[in-house]
Amino acid sequence: MAATLHGADPATAETWTIDQEEEKSLTKIIVRNVNDLTVAGLRRMCSHYGTVVDVFKIKSGGTAFIEFSTDTEAGLAIQQLNQKLGFNYNAELAQPKETLPSVEPDASAPPQPDEDWEQVSAKRRFNVGFSLPLLINFPERDTLATNANYRAKEGTLRRTDPESFFRIYKVLESFETKKTLDYNPEELRKRVESFQKSYSNEQNRFDGETLVYEGLTAQESALFDVTRCVVCKGYGFSYCKGCKTYYCSVQHQRQHYDEHNRICHKRAGGEVAAQSDTSEVGKKVEIVAKPQEVLTRDPLPEKAKVFITAILTPDRIYVRSAHPAADTMYLATLGEFACAGLTAVLVQNSKEPTAGDIYLAMYEPLGVHGRVLVTEVGPERSKCVFIDHGKVDFVSNSDLLLIADTELMYRKVLIYKLCLTDITDEHGEHEKAMQYLAKLRDRPLQMKYRLEANNIVDVQLQTPEGESVNEQINRLIIIPPFGRDSNQYDSTGRGDAKNGAFVMYKEIPQSEPSFGESKQIMILNRTTVLLDSRITWIAMSDLPYLENLQQMLESYGKKVAEFRQSYVPREGEMCLVRCLNRWYRGVCYETAGDGKPAIFLCDYGSMTLVDLSNIRKIPPQLATKTMRTHDGVVEHLAEAKAGGLTLDSIFLDIYLPENEPICADISQRTVTVGLPGAEQEETYTVLNLHELSALIKSRQAE
C-alpha cells in the first residue's frame, strides 16, 4: 500500500519514499608481516577458515588484503591468525574508504549509534600477543620408593629383609610444609627457670627459645652415676654383667678382652680358679649362637597403642608400640646406635656400599646416628631407609659408617608399616594431612587393624580424645566444589557468603627468584621476547611444585567439569580455566561483551581467550598457592637485535628454547622511570643466558 500526502492527488503529487541504507557486511581483513608468503600461499592458508573471494598483496611492506564470502568467516580468520604461535600477523577487519557527503547538521536528527561493540573489542584485543600454555615435559625425579629395588634380582636386599618390612611403594614430597615447633616455648621457659633455681649454674642459660648448655656444676654432676671406660677413661656405655666393667666401644672391649677374662675369673670365686689348671676346661670356650643375619620383628597385638615415627603418604605411615616396655626398649636401641656412631669408621675406608647392607648414618631430626638399610647405591649417594624410624632419604656414600657388632646390626626391628583404610585417592591437600599426622607424632594413638599376608592393612587410628584420624585426613585432603559449582547454590546462583568469596590476583603470594650464577631454569613463554626482550621462566627446582599444583587443579577440575551456569570473573580475579582439555589457574585480564574474556594463565605466563563455559570459580585452597613462575629480561638481546642479529624462529629455538633446561645467571636491576618530577624506581629480573651470551661475545670479537 503506497503512502500519500493528505490532500494530494496520487497521480500527480510527489510520492514520498523512505530510503533505508543497506547495512554493509565487513568481509575483508588486513594481514601484516607476510613478506614470505605469496598470493597463492595466502589463499591456501586462509581457505581453512572459509571461502576466499579475493587476495591482494602489496608489493612492499608485507601487507595483504583477503576477502571472504561472509563476515563470520572473516572474524574466524582474524581470531585464528592472531593465535598462531611464533607469528605476528596483527590481523584485523579492513574498513572501506568512503567519502562522506557534505550535509547540513540537523539538530533534530537522532544520534547515530556507535560502532558495533564486538568489532571494537575484537580490534582492541587482537593486538595483544595471545599464546597457548606450554605443555611442559616434567623431568623424572629421583623417587624415594623402594619397591623397584626389592624386585631386583642382584644384591642382598631381599635376603637381608625377607619379610619386606621396608618395601615402600610411594613417598610424597613436601613443598610448602612449614616447620612447626614440637614444644611450647613458654612451657620450656618455665621448666628451665625452675631447674636453674634448684641448681644454679651461670654457664647454662636460656637464650630466647634455645637452651645454651656449657657444662654441669659439681652439685649437678652428683645427681648422675657417671661410668668410665676402663681403657680410655671416657664415658662408658656398655658393660660386662659379670664384673661391671664399662667400655665406650666394641673396639676397646676387644682390646681389653684378655685382661678382662682374668679379672672376671678371679672375681668369680675359687671353683673357676681351681679348674683353670685343667687343660680341657682351659680350652672350654663359651659358645655364643651366631645371630641370624636377617631383619626380624615381633608381631603387634591386635589392639595396641602406637606412636608415629615416619609419614610416607597420608595413608602410609610407620609406627612403634606405645607399651611402656616396648618404649623403653626402643629408646635404649636408639641410644646404642647413637653410641656406636661415635667411634664407627667410614665404609669407604674398607669397601664400597652395597644394596642390602646395614650401616650407620646421621639421622638429622635427632642429630644422632641411626641404623640404615641401603636399598639402592649411586655413584655419590645411596637411597637408604632408617630401620628404626621408617624414613627414606638419600645419604652421601662418604657419610656411611660401618657397624662392627653383628648382633647390634641385626637387632630386632621395632617399627611397623601401616596402611590406613578408607583414605581418599583424590589429589588434594595432601600436605595438610601430612602436617596433621606430624602433630600426632608424640601422642599415643589407639589402633585397630587386620593382618593379611604378614601386612598390616585396614588400619583405623583414633586419638586419645576419640577422634577418628582416618576421617580427619579425608576432611583435610578433599577440596569440595566451590561457588556456583557447589550443591549449596540454587538455580539463581545464590549461596552462602563463604562460597561467594573471591580471591584477587594481587593477593597471591609470589616467591622470590633464586639469584646467582649458573642456575638451571626453563623458559615457559617467549611470545613478547622480540618486543621487549622479556620471557616467562621457572627454576628447574620448582618444576615438581608446579607439577603437583597442576595435578591438584586437574583433580578438582574433574569435579566441576560439567557446565552449570555462566560465571563472569571480575578484572583481576582468580579463576579456574579449561584450555586444551587441561585446567589452569587464571586471572581475568579483560572482560568483553562477546562472552570470551581475556585470561592470563599466571603459572605459565600466557594470555588466551576463554569461553565462559570453560571458566569456573576457584576455591581459595588452590587460588592462594604460591606462584613460582617469574618474568625476566634477557640481557644483551635488545643490543644484539639493534646490531643486526636476526631473531627468527630458528634462532629462538636454539638459544631461547622452551621446555628445556638452560643455564643462566640471575640478577636484579633497578632503573628510574617516569617523567621529570614524577620518577619512580622499577626493579626487574635480568637473565644472562650462557649460550646466548657466548654467541654475542663472539660476534663482538669479530
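Which residue lies over the face of F502? In this predicted model, the answer is R570, which is placed at 3.8 Å from the centre of that ring.

**Charges over rings**
- Besides R570, which lies over the face of F502, the residue R628 lies over the face of Y545, at 3.9 Å from the ring centre.

**Aromatic pairs**
- The structure holds four aromatic pairs, and among them is the pair of Y584 and Y604, whose ring centres are 5.1 Å apart and whose planes stand at 90 degrees, so that the pair is edge-to-face.
- Y584 belongs to strand β21 (residues 582-590), whereas Y604 sits in the loop between β22 (598-601) and β23 (606-609), so the pair ties together parts that are 20 residues apart in sequence.
- Both Y584 and Y604 are buried.
- F651 and Y655 form a tilted aromatic pair, with 5.0 Å from centre to centre and 35 degrees between the planes.
- Helix α20 (residues 649-655) contains both F651 and Y655, which are four residues apart, or about one turn of the helix.
- F651 is buried, with a relative accessible area of 7%, while Y655 is partly exposed, with a relative accessible area of 22%.

**The setting of Y359**
- Y359 is located in strand β11 (residues 358-363), and it is buried, with a relative accessible area of 1%.
- The side chain of Y359 is joined to the side chain of D357 by a polar contact of 2.7 Å.
- Although Y359 and A404 are 45 residues apart along the chain, their C-alpha atoms are separated by 9.5 Å.

Key
Residues are numbered from 1 along each chain as its sequence is written. This is a predicted model: local features need pLDDT of at least 70, side-chain atom pairs count only at pLDDT 80 or more; totals for chains, interfaces and linings use all residues. Side-chain values use heavy atoms; hydrogens and water are left out. Helices (H or I, at least four residues) and strands (E, at least two) are DSSP runs, numbered from the N terminus. Buried means under 20% relative accessible area, exposed over 50%, partly exposed in between (1.4 Å probe, protein chains only). A polar contact is a pair of N or O atoms within 3.5 Å; within protein, one must be able to donate a hydrogen and the other to accept it, and residues adjacent in sequence count only if both atoms are side-chain atoms. Rings of Phe, Tyr and Trp (its six-membered ring) pair if their centres lie within 6.5 Å; planes under 30 degrees apart count as stacked, over 60 as edge-to-face and the rest as tilted. A charge sits over a ring if NZ of Lys or CZ of Arg is within 6 Å of the ring centre and within 35 degrees of the ring normal.
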